[in-house]
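Please look over the notes below with the model open beside you. They go from whole chains to single residues.

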Amino acid sequence: MSSLGRSWRSRLRLLRRNPPLRMPSTLKKLGILGMNERNGEYISIYNKREFYPLVDDKLKTKQLALEAGIATPELYGVIEIEHQVRDLDNILGDRQDFVIKPAQGSGGSGIMVIGGRRGNQFLRSSGVSVSRSELEHFISNVLSGMYSLGGLPDKAIIEYRVKPHAVFDAVSFQGVPDIRTIVFRGIPVASMVRLPTRQSDGKANLHQGAIGAGIDLATGRTVDGVWFNSVLDSHPDSGNAVRGIQVPDWHLLLELAARSYDLTQLGYLGVDVVLDAEHGPLVLEYNARPGLNIQLANQMGLRHRLEKVRALESVPTSANERVALGQELFGEA
Amino acid sequence: MKDFHLKALALFLSVVAIGLCYYKTERLGVPLTPQSSAQVWTAEATVRFNGKDQSAKINLAVPKTPPGFSVLDENFISAGYGLATDDVGANRVVQWAARNLSGPQTLYYRVVLTEDSSAHRDRTQPTPNYPDIPEYSDPERAAVFTLLDSVRARSADTSSFAHELLRRFNDPTPEAEVKVLRDEAADATAQVEQIQHILAGARIPSRIAHVLPLAGSLRHGSLTPWLEVYNGERWLAFNPRTGAAGFPADALVWYAGDMPLVDVAGADDASVQFSALRTSRDVMGLAQQRARLINSDVLEYSLLSLPIATQNTYKILLTVPLGALVVVLLRNFIGLRTFGTFMPVLIALAFRETELLWGCILFSVIVALGLIIRFYLERLKLLLVPRLASMLTIVILLMAGVSVISHKLGMEHGLSIALFPMVILAMTIERMSIVWDENGPKDALLSGLGSLAVAAVGFLVMTHPLAEYLAFVFPELLLLVLAFTLLAGRYTGYRVSELWRFRASARAITNKQ
């Protein structure tokens with residue numbers, strides 16, 4: 001009886017120390033940015049709608065980036081109409097690995113990564129094999145807009161499959177870790193790396209169980225990782241430390257992110273970069289509505305940082321100076 | 001100010017909405033809560049007289065802006081008579097005229113009234129002269145002045161003076177001076193006249209108001225005299241029997257003053273009889289009638305002027321913004337996830353026919369069956385549009401199947417499934433299966449349940465009788481909804497779901513600091 005009472009009381013104490021809901025004033029004080037504020041104060045003001053198509057259509061993004069000299073995964077080919085599905089062989093040639101994705105996919109959906117071929121069988125990165133006809137059906141679905149914003153007819157992009165840089169090998173399970181940087185008015189304000197786990201099925205999606213690890217802007221070194229809302233020190237699959245990994249080519253990566261602002265004209269931009277073993281940092285895609293998870297990964301609120309940048313009367317025109325400014329303002333080391 | 005333009009617009013919309021609504025409730029008497037009927041009185045005066053083979057004129061006093069009522073309709077039933085109405089001081093007189101009348105004649109005046117609390121206007125007309133002190137007879141003089149002096153000592157103003165005088169005058173154990181003045185045998189009118197006679201001793205203007213008590217259904221009724229006293233600004237009514245202030249409830253002030261009720265020239269044996277009948281009438285019909293009487297076009301150009309079938313459609317359509325409001329609240333303020341922005345509103349509309357519990361069950365059954373078939377279709381590798389078309393066909397067949405089976409089982413609720421928006425259902429199944437594949441069953445089920453929850457709340461709001469009534473009768477209130485949703489468009493605070501989502505971050509940041 002007494003033990004029951006004590007456990008009940010201790011549970012209550014735990015609940016009081018760690019309540020399921022936080023007061024809005026607490027979150028505000030900690031500088032956490034909410035969805036409504038992101039939409040109303042940043043996206044709707046700093047992102048002009050006319051520039052959305054540039055980032056919503058990955059094909060356009062690729063072409064623009066190419067012109068601006070920003071590295072992206074090599075484009076193998078585009079399938080625009082159903083009939084062209086038959087040309088798949090011409091596009092693929094004898095390439096063993098490639099990625100197929102919708103040009104206007106939303107939220108990373110509809111991406112098929114092929115890691116190898118065995119005759120008419122294609123091996124997905126997850127290890128599942130896909131037949132030629134299944135592949136064609138997938139492309140048809142992409143073309144019909146099944147994975148696209150608004151369900152409009154779409155194009156299928158076939159491109160280079162990134163070979164992940166070895167730096168994250170110890171802390172990722174299959175898949176490709178990607179580095180998301182929030183760039184506000186051209187200044188990098190926060191960065192994180194998303195590490196796939198067994199649970200996330202090799203996908204770099206925090207919601208599905210990938211680890212998010214914040215990156216210190218000044219040094220390019222990872223800080224604590226967050227997995228499903230709780231801080232963790234080591235990767236759940238490999239047990240290796242998540243903290244303190246130095247991202248190679250860090251300055252180059254930030255510069256890519258900062259230059260993306262000139263390219264897209266979007267004031268509030270999410271830049272997703274992958275580190276390729278051969279080609280270095282490659283811009284995978286841009287996001288005009290980057291999510292709020294970066295706050296979880298970095299364990300800090302975005303809002304104070306955004307307000308600092310918003311208060312600047314002008315931002316430097318050179319991407320290099322903007323990177324330096326971002327590192328100076330928000331670097332922790 | 002932040003978002004000044006938006007706030008000004010929202011304020012403007014709110015003012016327009018509330019202003020129109022106020023006008024309709026206060027001026028036209030449209031009730032704010034759903035009532036199907038209101039009290040309507042029909043009062044009738046029957047004038048009988050004998051013609052004398054010559055031209056005759058009959059003047060009858062009739063109500064003019066009676067306090068506590070508004071007049072909906074008036075009839076002067078009088079074939080073959082010339083008719084004119086005229087204002088005489090505070091009263092209104094109808095004059096019938098005809099030549100060569102012989103034998104018994106009957107004329108009717110009928111007025112249709114409804115109780116109207118806003119019609120309690122002050123009675124100020126006419127402004128009287130102060131009466132001269134009458135030439136009282138000797139014993140009377142002493143009694144009047146003794147009474148008036150003692151009443152004056154116990155009163156502060158005209159109103160309390162009249163009240164005190166009436167109280168003393170009607171005292172069951174009267175003082176000596178009252179006994180002298182009171183004539184027990186006199187009829188009600190004569191008694192009020194006697195009170196007027198005494199009041200004149202204090203130079204207080206007074207008059208008799210003739211009221212028709214409306215209680216129950218009245219036949220062969222007559223007018224009751226009531227005392228009105230002028231306090232220098234307006235006429236105050238008193239019950240001459242008790243001294244209680246005001247006119248009785250459910251009594252119609254027919255006319256006031258010394259003039260006769262009926263005045264006949266060229267005829268004789270004139271008499272007037274009153275009857276009254278209480279009926280219930282449709283409230284909206286009343287409001288429309290009243291609007292017509294005061295020449296207001298507000299209701300003339302309202303939804304009430306449409307054919308009934310169209311009205312019924314709008315009764316439903318006008319609640320849709322309320323459903324949209326629920327979606328805004330639950331998505332932007334609470335943070336629920338749904339399939340499609342307004343899909344839950346359409347589902348909620350379907351719930352109108354199925355009712356809530358059965359609606360939820362049928363929705364879940366169709367979506368669950370649809371999902372199973374959709375997963376099977378996935379293996380056939382169909383293109384998107386043909387696949388959607390197939391799903392639509394399958395959904396309709398499923399609906400038909402559920403109807404037939406539930407009918408056979410004697411569950412008539414299953415029949416109403418026919419009103420589910422099948423295209424929306426097919427799209428929901430399609431989207432849910434994609435989310436299922438991409439993000440796993442948990443996300444798909446959460447969004448599905450979210451949609452169902454929003455639909456349920458939307459249904460409860462949209463079908464609330466008060467909400468339905470207000471949206472239809474006061475469509476301008478939807479401008480208020482619009483103002484709110486406009487403001488919500490600039491709400492940048494946290495969603496409730498975020499208070500949960502960031503709980504770990506909040507702890508971590510607090511620890512770090």
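1. Contacts come first. Two residues are in contact if their C-beta atoms, placed from the backbone, lie within 7 Å. Among contacts in chain A between residues at least 6 apart in sequence, 62% join residues at least 24 apart. In chain B the corresponding share is 77%.

2. Ground rules. This is a predicted model, in which local features need pLDDT of at least 70, side-chain atom pairs count only at pLDDT 80 or more, and totals for chains, interfaces and linings use all residues. Residues are numbered from 1 along each chain as its sequence is written, while chains are lettered from A and ligands numbered from 1 in the order in which they are written.

3. Secondary structure. Helices (H or I, at least four residues) and strands (E, at least two) are DSSP runs, numbered from the N terminus. Chain A has 11 helices and 13 strands. Chain B has 17 helices and 11 strands.

4. Burial. A residue is buried if 20 or more other C-beta atoms lie within 10 Å of its own, exposed if 12 or fewer, and partly exposed in between; C-beta atoms are placed from the backbone. In chain A, 45% of the 333 residues count as buried. For chain B the figure is 34% of 513 residues.

5. Strand E8 of chain A, residues 187–195, is mostly covered: nine of its nine residues are buried. Strands pair if DSSP finds at least two bridges between them. E8(A) runs antiparallel to E7(A) (residues 178–184), joined by seven bridges. In that pairing A:Ile182 stands opposite A:Ala190. The two strands form a hairpin with two residues between them, and A:Arg185 in the turn has a positive phi of about 50°.

6. E8(A) has another partner. Four bridges pair E8(A) with E9(A) (residues 211–215), again in the antiparallel sense. Here A:Met192 faces A:Gly214.

7. Where does B:Trp41 lie? Its place is in strand E1 of chain B, residues 37–62. B:Trp41 counts as buried because 20 other C-beta atoms lie within 10 Å. Leaving out residues up to four places away in sequence, B:Trp41 touches B:Leu113, B:Leu214, B:Ala276 and B:Arg278. B:Asp250 is 209 residues away from B:Trp41 in sequence, yet 9.5 Å away in space, C-alpha to C-alpha.

8. Annotation against model. An unreviewed UniProt entry annotates "transmembrane region" on chain B, including residues 316–336 and 356–377. UniProt positions are given in the numbering used here, feature names are shortened, and annotations may be inferred rather than shown by experiment. Residues 316–336 of chain B are 81% helix and 0% strand, with end C-alpha atoms 25 Å apart. Residues 356–377 of chain B are 100% helix and 0% strand, with end C-alpha atoms 31 Å apart.
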